[in-house]
Amino acid sequence: MSTIRKTWFGPEIILFSAILFLVEFMRGAMLISFLPIFGEKQLGLTLDIIGIAITAHYLIDTLLKMAIGYLLDRFSIRFVVHIGLLFSLVGVLLFQFAYQPWIFIVAAAVYGVGISPIWIVCLTKVSDDQRATQMGFLYTIWFIGLGSGPIVCNILLDYSTKIPYYLLLGLSFAAWILAMFISNRQNSTVTSLPLREQFAILRDRLRHMRLLLPGMVLQTMGAGMLVPILPSFAEDHLGMSGTQYSFLLLAGGAFTVISLIPLGRLSDKLGGKKWFLVLGFGGIGLGLYLIGLAPPLWESILLASVLGLSYATLLPAWNALLANYVPPRQQGLGWGIFSTVEGIGGMIGPVVGGTLASWHGESLVIWVSAVMFLIIGFFYIWFPFRAFADNGARVE
C-alpha cells in the first residue's frame, strides 16, 4: 500500500494534477461562464452561434483525442502536453479580436487543442488494482477545477469582462510554463505495435463494448446541451444574479468533490458498478427535470446538490467499467479512442441545445436533457451483469 501511495502521489502526479486543475479551471470558466456571457452580452451573439462555438471547441478536442493518444505512444509526454497548451494560449489570445462570429468560433476551436493531452496522460498513470479510487482522486481535481472556474468567473463578470479574461490568459500561460517541467520521456506504460494491429485490437474492444456506446454518447450530449444555455436560464427563469448562479454551481460541485473519493472506494469494495450507473444517471435526470420547473433559489440549490451527488455516484464506476476494455499495451491510443467516442455527444450537444433554446426557450433544453439521462439510467437496468465483471473484458 505504501508503495502504491508513494508512486501515485509522487512529484510527477502532483505536477500533472496541478496542470489538470489549471486546464479544467480555465475550461469551466471559459465554456460555462465566459463564452456564453461574453458572447451574448458583450458581442451580441445569439445562443445558436454560441452553441456552434462551444461545439467547435469540443469538435477539435474530440478529433484530437485519438491523435493525441497515438502521439503519446510515440513521443514524450512533455512535447505533446506543451504543444497542446501553447495552442490553448493562442486561442485565449484570439478572443481579444473576436469581433466577428467566425473569429469567435475559431478562437474556441483553437482553445480546444490543448485540453485533451493532460487528461489522457493522467488516465494512463492510473493503476488497475485501485482504479476507481485513483480515478476518484483525479475526478476530484478535475471537478474542483471545472467547478471553481465558472464560480470565480461569474462573480468577476458581475463587475467586468476584462478581469476574467486576463485571469484566463494568465492561467493559460501558467499551465504552459508548468508543462516545461514534465519529464521528457515517452510513456513507459505502453508498448508500440504496428498501427494496423492496434486498430484491430481496439475495433475488437469496441465490438465487445457496443452496449456501452449509447451511454458514452448520450451522457455527454445531454450535458453538452446545457452548456450554452445555463447562464441565461439561471438569469431569466431562476432570477439569479451571477453571484447567486455561482452558489448554485458551488452546491453541485461541492457535493461532487466531497463524494467522489468515498464513492470510488465504495465502488471498488462493493462492485455492482451497474447500480452505481443506474442511480447516477437516474438521479441526474430527475434533478434536471425538477430544475426545469424553475423552483425557488433554495430548492434549486438543493437540486444542484442532488445532481452533484448523482454525478459522483456514476463517474468512478463508469471509468472503471470502461477501463476493462482498454488494451494494456495501448493505453494512450485506447483512452484516446474511447474519449473520442464520448466526445461525439459533447460535440453535438451544444449545437442542439443552442438551437432548441433559440427556437423554444431554455426550459425545453433542460427537460430534453433530463429525459435523455433518465433513458440512459433505464437502459442500464437491463444491461447484462456479466458486462460489469471487473477485468472480464481485458485484452492481454
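**Working chat**

Tutor: Start with the nonpolar patch: helix α4 (residues 77-94) gives the largest share, 5 residues. Helices (H or I, at least four residues) and strands (E, at least two) are DSSP runs, numbered from the N terminus.

Student: Before that, what are the ground rules?

Tutor: This is a predicted model: local features need pLDDT of at least 70, side-chain atom pairs count only at pLDDT 80 or more, and totals for chains, interfaces and linings use all residues. Residues are numbered from 1 along each chain as its sequence is written, and side-chain values use heavy atoms, with hydrogens and water left out.

Student: OK. Which residues form the nonpolar patch?

Tutor: Leu71, Phe75, Phe79, Ile83, Leu86, Phe87 and Val90, with about 560 Å² of accessible area together. Accessible areas come from the Shrake-Rupley method with a 1.4 Å probe; for residues, only the protein chains shown count as cover. Patch residues have over 30% relative accessible area and no salt bridge; nonpolar side chains (Val, Leu, Ile, Met, Phe, Trp, Tyr) are joined within 5 Å, like charges within 9 Å.

Student: Where does leucine 71 lie?

Tutor: In helix α3 (residues 47-72). Leucine 71 is partly exposed, at 31% relative accessible area. The classes are buried (under 20%), exposed (over 50%) and partly exposed in between, with a 1.4 Å probe and protein chains only.

Student: Switching to α2. Where is the kink?

Tutor: At phenylalanine 34, shortly before proline 36. The kink is about 45°, and α2 covers residues 11-42. That bend is the angle between axes fitted to the seven residues ending there and the seven starting there.

Student: How many residues of α2 are buried?

Tutor: 23 of the 32, so α2 is largely enclosed by the rest of the structure. Just after α2, glycine 44 takes a positive phi of about 70°.

Student: And how many salt bridges does the structure hold?

Tutor: It holds 1. The side chains of arginine 27 and glutamate 24 meet at 3.2 Å, N to O. The cut-off is a Lys or Arg side-chain nitrogen within 4 Å of an Asp or Glu carboxyl oxygen. The two residues are 3 apart in α2, about one helical turn.

Student: Is that pair buried or exposed?

Tutor: Arginine 27 counts as buried at 12% relative accessibility. Glutamate 24 is buried too, at 2%.

Student: Last one: how many helices and strands are there?

Tutor: The protein chain has 16 helices and 0 strands. Of its 396 residues, 58% count as buried.
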